[in-house]
Amino acid sequence: MGQTTAEKIFAAHLRDEPFPGTKVLNLDRVFCHEITTPVAIADLEWRGKDRVFDAGKIKAVIDHVTPSKDSKTALQAKMLRDWAHRHQIKDFFDVGRNGVCHAIFPEKGYVRPGFTVIMGDSHTCTHGAFGAFAAGVGTTDLEVGILKGVCAFREPTTIRVNLTGILQPGVVAKDVILFVIGQLGVNGATDRVLEFHGPIVEAMSMDARMTLCNMAIEAGGTCGICQPDMTTVDYLWPFIQGEFASRDAALAEYRKWCADGDAVYEKVLTFDVSALEPQVTYGFKPDCVKPVREMAGTKVDQVYIGTCTNGRIEDLRQAAEVLKGRTIADSVRGIVSPATPKIFQEALNEGIIQIFMDAGFCVTNPTCGACLGMSNGVLAEGEVCASTSNRNFNGRMGKGGMVHLMSPASAAAAAVTGVITDARTL
Amino acid sequence: MKKTFGGPAIFLDRADINTDEIIPAKYLTEVTKEALTPYCLEDLKLEGFDPKGEELKRARVVVSRANFGCGSSREHAPWVFEVNDIHTIIAESYARIFRQNMFNCGMLAIELPAAEIQRLFDLEEAAAGRIEIEVHLDRQELVAQAAGRSESFRFEISPFDKALVQAGGWVEYADARY
C-alpha cells in the first residue's frame with residue numbers, strides 16, 4: 001500500500017511507539033524563539049538538565065518583540081541569547097541579523113524535504129512547504145525536543161487538497177488558502193495533515209507555498225505539506241550543491257518523499273480555483289471568509305504588511321505593484337515589516353522600500369510585532385486593520401481591535417483608498 | 001508533579017474558544033507561570049462570564065464545547081489554568097496543540113461526545129450553576145453532582161495520555177525513557 005508524505009516521514013524517523021497510535025519521532029530540527037523557549041530553558045535549569053541534544057540541529061532567533069521594548073522582553077531576549085551562547089548554538093540570530101522565524105529559517109536553508117521539525121510556535125506548519133513534517137508544539141514538547149531530540153505525536157491522517165485550474169491575475173496563494181480554510185472550517189483539519197497537490201501548487205514559488213502551508217493551522221491542521229519538486233531544489237540549491245552532483249540528482253533524492261500514487265487519504269478535496277476572486281476575512285475566526293468585493297467599502301484605520309504569512313519578497317513586490325505612484329489615504333496608517341534582513345535588503349535594492357516610503361508607509365525592522373498585538377502597530381479599541389497576517393481573533397492585534405486578513409495586494413489597495421478594496425479595480 | 005483533578009465546574013458555552021481569549025499575547029512576556037495567574041480568560045467575552053468573578057476563582061474544572069484551545073501553540077494557556085488550580089478541562093473536542101500541552105503538563109483534557117456535553121450543560125442550568133465534577137481517572141469516569149442529582153459519564157483517554165498524567169507530564173516520562 002502506498003504512503004502519504006507524512007507517513008513516509010513518520011516511518012523514517014520512528015524512535016519509539018510506546019502505545020499503539022503514539023509515535024515518538026527523532027527530530028532533524030528544533031527551532032526556538034524568545035517567547036516560548038525561555039520557560040523551557042528555566043525549567044531545564046531547575047531540573048539540573050540544562051543540556052541540548054545537538055547544538056547543530058537547534059536554531060534560535062529573537063523575533064516576536066525586537067529590539068526589546070521593555071524590561072520583560074529584554075529579559076526574554078537575554079535568556080535566549082545567554083542559552084544559545086552557553087550551548088554553542090551557532091545559528092542564533094540576534095538584533096540586526098534577526099527576522100521572523102518562519103521566514104528566516106527557510107531562507108537559511110535549514111529545512112529539507114523529509115525533515116521533522118518542531119518549534120514552540122503554531123505557524124511551524126509553514127515549513128511543510130519543503131516536503132517536511134513540521135509541527136507547532138508547546139513549551140514542554142519544545143523542552144523535551146531540546147533535551148532529547150524527540151517528540152511524540154498521534155500519527156495524523158492526511159487530507160489531500162487538489163488545487164486545479166488557473167489563477168486569475170491578482171489572485172495569489174493567500175486568497176487560495178483563505179478560501180480553503182473557509183471550506184474546511186477552523187477545526188476541519190484538526191489532527192490531520194493537509195497535503196497540497198495540483199497545477200496551482202506546482203506553479204507556485206517557494207514563497208507562495210510557504211504562505212499556503214503557513215495557514216494550515218488555521219484549519220486546525222498539524223502541518224501543510226507540498227510535494228518537493230524542481231522549485232524546491234532550485235530554492236535550496238545554494239545550500240545543497242555540495243551534497244549532490246546535480247539538481248536532477250537532488251530532485252531524484254527528494255522525490256522519495258513525494259506521496260505514492262496509491263497513497264490512502266482520509267479525504268480528497270478538489271477545488272478548481274479558476275473563478276476565485278481575492279478573499280478577505282470578516283468576524284473573529286479565520287474561516288469567516290468572503291470575496292473582497294463583498295466587503296468593499298469597509299473602513300480601515302491601519303494597514304499591516306509583513307509577518308510569517310506574507311512578509312517575503314514576493315509579497316512585498318505584489319504590494320509595491322499596487323502602491324507604485326500612489327499615496328495612502330490620509331485616514332490610514334500603513335506599516336510594512338519585511339520578514340528578514342535579506343528580504344529588507346532585496347526590497348531596498350529593487351526600489352520597493354522607496355515605493356512604500358513614497359506612498360507614506362512606516363517601514364519597520366523585521367519582527368512579528370503587531371501581528372499578535374505585541375509591538376510596532378498595536379490597535380486601539382474599536383480600530384480596524386487590513387492585515388496580511390494569519391489570525392483575526394478578537395483582540396489579536398490589540399484589545400477591542402478588528403483584523404481583516406487579506407493578500408498583500410488587497411492590503412495595499414486598502415491603504416490607498418482607506419477602505420477594503422479589490423486591488424484589480426484601482 | 002502529579003496533579004489533583006475535579007471540583008466545582010465553570011461552564012463556557014461557546015465553540016472555538018481560542019488561546020488569545022484564554023491568555024492574551026501581551027502577557028507572553030512573562031517568564032514564570034505564576035505571573036500569569038490574574039489574567040485567566042481575560043479576553044473571553046461571553047454572556048454571564050466575568051474573568052474577575054468569584055465563579056472562575058472557585059472553579060477547578062472548565063466545561064466547554066468544540067475545538068477548545070484553538071490558535072496559538074502557547075503553553076501559557078494550560079499554564080494559566082494550572083496556576084489557577086484548574087487541572088481538568090472537559091470539552092467536545094480540542095485543538096491538537098492545546099490538548100497535547102495539557103497532557104504534557106500532566107493535566108486532563110477530557111473529550112465527551114456533544115450529546116453528553118449537552119447533558120452537563122443541562123445539569124448545570126438545572127442547578128443554577130452550582131455543580132461539582134469528580135474525576136476518577138482509574139475507571140475513566142466523571143461524576144457530576146448538582147442540586148442533589150448525580151450523573152456519571154464514561155470517558156476515553158489514550159494509554160499514552162494516561163501515562164503522561166500518571167508520570168506527572170512529558171518531561172518526566174521522556175526523561176525516564178529516552
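## Second largest pocket

Helix H5 of chain B gives the most to the lining of the second largest pocket, with five residues, in what is a predicted model. The volume of this second largest pocket is about 320 Å³, and among the 15 residues that line it, B:Phe11, B:Asp13, B:Glu47, B:Phe121 and B:Glu124 are the closest to its centre. Two elements of chain B, strand E1 (7-12) and helix H5 (114-126), are those that give two or more residues to this lining.

By residue class, the lining of the second largest pocket divides into six nonpolar, two polar and seven charged residues.

## Largest pocket

At least two lining residues each are supplied by helix H2 (37-46) and helix H5 (139-148) of chain A, and by helix H3 (76-82) and helix H7 (170-177) of chain B. Of the lining of the largest pocket, the largest share belongs to H2(A), which contributes four residues.

The lining of the largest pocket is made up of 11 charged, nine nonpolar and seven polar residues.

## Packing of H13 and H16 in chain A

Within chain A, helix H13 (residues 313-323) packs with helix H16 (residues 408-417) at an angle of about 35°, their axes lying 8 Å apart, and the crossing of H13(A) and H16(A) is right-handed. On the side of H13(A), the contact is formed by A:Asp315, A:Gln318, A:Ala319, A:Val322 and A:Leu323, which meet A:Pro408, A:Ala409, A:Ala412, A:Ala413 and A:Val416 of H16(A). The residues of this contact divide into eight nonpolar, one polar and one charged.

## B:Asp161

In chain B, B:Asp161 is found in helix H6, which spans residues 159-167. B:Asp161 counts as buried because its relative accessibility is 3%, and the cut-off for that term is under 20% relative accessible area.

When residues up to four places away in sequence are not counted, B:Asp161 touches B:Gln100 and B:Phe103 in chain B as well as A:Arg154 in chain A. The buried B:Asp161 therefore has contacts in both chains, with A:Arg154 as its partner in chain A.

How values were computed
Residues numbered from 1 in each chain as written. Chains lettered and ligands numbered in written order. Predicted model: local features only at pLDDT ≥ 70, side-chain atom pairs only at ≥ 80, totals over all residues. Heavy atoms only, no water. Axes fitted to C-alpha atoms, helices over the stretch in contact; angles between N-to-C directions. Left-handed = near helix turned anticlockwise from the far one by under 90°. Contact = heavy atoms within 4.5 Å. Nonpolar A, V, L, I, M, F, W, Y, C, P; charged D, E, K, R; others polar. 1 Å grid on protein atoms, 1.4 Å probe; cavity = no way out; pocket = protein on both sides within 12 Å on 5 of 7 lines; lining within 4 Å. Points joined across faces, edges and corners; volume = space filled by probe spheres on them. Buried < 20%, exposed > 50% of the residue type's maximum accessible area, 1.4 Å probe, protein only.
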